[in-house]
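Welcome to the tour. Please open the model in your viewer and keep the selection tool at hand.

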Amino acid sequence: MAEGLPGEGRRQDEQRIGAIADPDVPILRAGTTVGEAAGALGEDDDVAVVLDEDDIVLGLLRRPALGLDPATPVEDVAQPGPSTFRPSLTIKELRDYFDSGHDERALVTTLTGRWLGLIRRSDLFDG
Amino acid sequence: MAELRLGYWLSSEERTPPELVDLAVRAEAEGFATAMISDHYHPWVAEQGQASFVWTVLGAIARATTGLEVGTGVTAPILRLHPAVVAQAAATTATLLPGRFFLGVGTGERLNEHVTGAAWPPAAARREMLEEAVGIIRSLLAGGDVNHRGRHFTVEDAELFTRPDAPPPIHLAAGGARTAELAGRIADGLIGVAPSPAQVDAFEAAGGRGKPKLAQLHVCCDEDEDRARKTALRFWPNAALQGAALTELPRPRDFDGLASLVREQDVADVVVCGNDPERHLRRIAEFATAGFDTVYVHQVGPDQDAFFDFYARAVVPHLA
């Protein structure tokens with residue numbers, strides 16, 4: 001399967017996570033200030049993904065960082081180097097990772113770090 | 001979902017009860033919306049000099065303040081105080097601080113919990129005890145007659161007749177991923193001491209998403225940085241200690257012995273010393289970056305004016 005292309009069929013263990021990664025999460029570009037970022041997160045959003053101009057993931061901005069100096073660039077207060085997962089991983093493998101209790105969310109990127117989407121724990125365990 | 005708040009740390013190890021009450025009033029007047037107060041039987045080192053009964057102090061704070069939220073940071077309801085007693089203390093305090101009290105709990109330190117002569121359990125057992133204790137506390141706060149025969153605790157026909165309209169939130173202190181996971185499962189919030197995204201992730205993965213995440217930051221504000229470093233070493237050398245030493249040593253004089261090996265630089269690496277706003281803001285930002293939404297600032301040493309003045313002038317204005 002090509003990286004990032006959605007697959008077919010229903011969500012099942014051997015399906016690739018690239019097919020279900022949600023790209024529709026708040027995105028912030030490097031250079032955006034904390035003050036400018038405040039409007040990008042909806043009321044229920046707890047994180048935003050910080051990308052460079054080539055869509056490479058630079059970090060994960062958590063909501064409390066919006067309380068910092070509004071003039072600060074978001075890349076300075078984003079968590080650097082969050083764990084990322086390749087789209088070829090299966091849902092079962094990601095579910096096993098979530099089962100280990102390490103994380104609430106998984107950032108899906110290509111091998112080179114290009115942003116594809118986000119999967120939450122609840123996407124795999126609810127229902 | 002919460003953004004960043006600054007809170008004030010009431011250090012029971014260093015301040016007399018009247019000072020703690022006055023400082024809570026001062027914090028409220030300075031605009032702090034929340035404070036956390038340590039619950040110790042002993043100070044870490046003798047130089048700190050104090051360790052009052054936190055529940056009495058909380059009662060006085062309740063009557064001296066009008067809007068300040070206050071919580072314990074943290075109570076260990078496993079040995080020194082039975083969870084049924086902690087539940088009564090929390091319920092009473094919550095009626096005095098309606099809607100502005102939280103119960104912070106943790107697995108404790110031998111320093112504070114060994115005094116009744118009970119054997120000091122290993123960390124895994126203390127986590128197990130804490131989980132059972134929180135269940136008991138919640139049952140009692142919910143009202144009605146409670147009977148419990150568990151692995152660690154027994155409660156016989158207990159009922160709280162003085163209860164708040166709504167039970168106070170219970171936040172759980174975690175020093176590692178396993179306790180953070182426990183917090184995510186059973187608590188209403190996380191209390192952390194290090195800016196660790198992994199700890200926040202473990203908390204959220206276990207059910208803590210969207211819940212409060214509180215942290216503690218040690219500072220020593222003083223226009224003379226050299227004096228600040230000396231003050232920090234004198235009054236808070238325990239900041240430089242790590243691992244089992246913090247939970248296993250029984251007496252302040254044991255910590256005094258260990259603290260004699262601590263260098264000024266070791267403490268300054270952990271306690272933000274001096275009045276450089278950038279360094280204070282950077283440390284606060286580390287907690288926000290990790291996902292903590294409230295940072296309780298503990299000013300080490302006797303000069304609390306230096307903290308309030310410096311933060312109002314040079315730190316708070318730089319936060320959104």
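Start by selecting Leu20(B), Val21(B), Leu23(B), Ala24(B), Ala27(B) and Glu28(B): these are the buried residues of α1(B). Here a residue is buried if 20 or more other C-beta atoms lie within 10 Å of its own, exposed if 12 or fewer, and partly exposed in between, with C-beta atoms placed from the backbone. Helices are DSSP runs of H or I with at least four residues, strands are runs of E with at least two, and both are numbered from the N terminus.

A word on what you are viewing: this is a predicted model, in which local features need pLDDT of at least 70 and side-chain atom pairs count only at pLDDT 80 or more, while totals for chains, interfaces and linings use all residues. Residues are numbered from 1 along each chain as its sequence is written, and chains are lettered from A and ligands numbered from 1 in the order in which they are written. Chain B has an average pLDDT of 97, with 99% of the residues scoring at least 70; pLDDT is the predictor's confidence in each residue, from 0 to 100. The model has an ipTM of 0.88 and a pTM of 0.94.

**Stop 1: around α1(B)**

Turn the view to look down the axis of α1(B): the buried residues fall within an arc of 165 degrees, so they line one face of the helix. That arc is taken from the directions from the helix axis to the C-beta atoms. On the other side of α1(B), find Pro18(B) and Ala29(B), which are exposed.

Contact here means that the C-beta atoms of two residues, placed from the backbone, lie within 7 Å.

**Stop 2: just past the helix**

Step on to Gly31(B), which follows α1(B) and has a positive phi, near 100 degrees. Next select Ala33(B), in the loop between α1 and β2 of chain B. Is Ala33(B) buried or partly exposed? It is partly exposed, with 15 other C-beta atoms within 10 Å. Leaving out residues up to four places away in sequence, Ala33(B) touches Arg5(B) and Glu69(B).

**Stop 3: α13(B)**

Select α13(B) and colour its buried residues: Ala306(B), Phe307(B), Phe308(B), Phe310(B), Tyr311(B) and Val315(B). They pack against α1, β9 (213–220), α12 and β11 (294–299) of chain B.

**Stop 4: two sets of strands**

Strands pair if DSSP finds at least two bridges between them. In chain B, β5 (residues 146–149) and β6 (residues 154–158) run antiparallel and are joined by 3 bridges. Look for Val146(B), whose bridge partner in β6(B) is Ala158(B). The hairpin joining β5(B) to β6(B) passes through 4 residues.

Over in chain A, 4 strands form an open sheet with mixed pairing, in the order β1-β2-β3-β4. β1 (27–29) and β4 (79–80) of chain A stand at the edges with a single partner strand each, so one side of each has no neighbour in the sheet. Strand β3 (residues 57–62) of chain A pairs with β4(A) in the antiparallel sense over 2 bridges; Leu60(A) has Gln79(A) as its bridge partner in β4(A).

**Last stop: where the chains meet**

Show both chains: the contact takes 23 residues from chain B and 20 residues from chain A. On the chain B side, α7(B) gives the largest share, 6 residues.
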